[in-house]
Amino acid sequence: MLDQWSNFFVMVGGGAAGLAGLIFVAISINPERIVRNTTHKNRAINMLSGFSAIFMACSLALLGNQYLPALGLEWLFLWVIATFIFVRGYVVAIMEGMSSIGLTGPRLAGGTACYLAEVLGAIFLIFGRSIGLYIAAIGTIVLFAFLISGAWLLIIGIYEEPAQG
């Protein structure tokens, strides 16, 4: 079953790795503003961890001679951690209230739903149900949109913040 998905995982994993690298470069251009602002710092962590999680999930799916339940266990571990990082970062950013750009309930709910779709997909795989691949794939595709828009909000937020000094 996983052989039919190899092109999807190669494409998505490569895209996630490339975008994680671009975000890392963008962050390194202005790290002092990101580190100083809780919203920017947590958004940067969320974008890097999100794209990294997608890359790792795709890498795990491409391992040879693997059964769906094994992949499901790997993904469950990965996506529970990624979900925690996302939700924690968002909540901390909202509580600190340093920069409110993009800190909305719908963004939090939408992003969380994507991560929970990954977790749900993993659970289906643990029980040997291939529908988990479809659920996770849809979650990943929508999560890409959230992560890309989050990266844009990070860049916009950095440059809308008044420069100090």
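Q: How many aromatic pairs does a search of the whole structure find?
A: This is a predicted model, in which local features need pLDDT of at least 70 and side-chain atom pairs count only at pLDDT 80 or more, while totals for chains, interfaces and linings use all residues. Residues are numbered from 1 along each chain as its sequence is written, and side-chain values use heavy atoms, with hydrogens and water left out. Rings of Phe, Tyr and Trp (its six-membered ring) pair if their centres lie within 6.5 Å. On that criterion, the number of aromatic pairs in the whole structure is nine.

Q: Are the rings of Trp-5 and Tyr-134 stacked or edge-to-face?
A: Planes under 30 degrees apart count as stacked, over 60 as edge-to-face and the rest as tilted. The ring centres of Trp-5 and Tyr-134 are 5.0 Å apart and their planes stand at 75°, so the pair is edge-to-face.

Q: Which helix holds Tyr-134, the partner of Trp-5?
A: Trp-5 lies in the segment before helix H1 (6–29), and the pair links distant parts of the chain, 129 residues apart. Helices are DSSP runs (H or I, at least four residues) numbered from the N terminus. The helix that holds Tyr-134 is H6.

Q: Is Trp-5 buried or exposed?
A: Buried means under 20% relative accessible area, exposed over 50%, and partly exposed in between (1.4 Å probe, protein chains only). Tyr-134 has 43% and is therefore partly exposed. With a relative accessible area of 10%, Trp-5 is buried.

Q: Are H5 and H6 roughly parallel or antiparallel?
A: Axes are lines fitted to C-alpha atoms, for helices over the stretch in contact, and angles run from 0 to 180 degrees between N-to-C directions. Helix H5 (residues 105–126) and helix H6 (residues 131–160) pack at about 155°, with axes 8 Å apart. Angles under 35 degrees count as roughly parallel, over 145 as roughly antiparallel, 65 to 115 as roughly perpendicular and the rest as oblique. H5 is therefore, relative to H6, roughly antiparallel.

Q: At what angle do H3 and H4 pack?
A: The two helices, H3 (residues 38–61) and H4 (residues 68–96), have their axes 9 Å apart. They are roughly antiparallel to each other. Their packing angle is about 170°.
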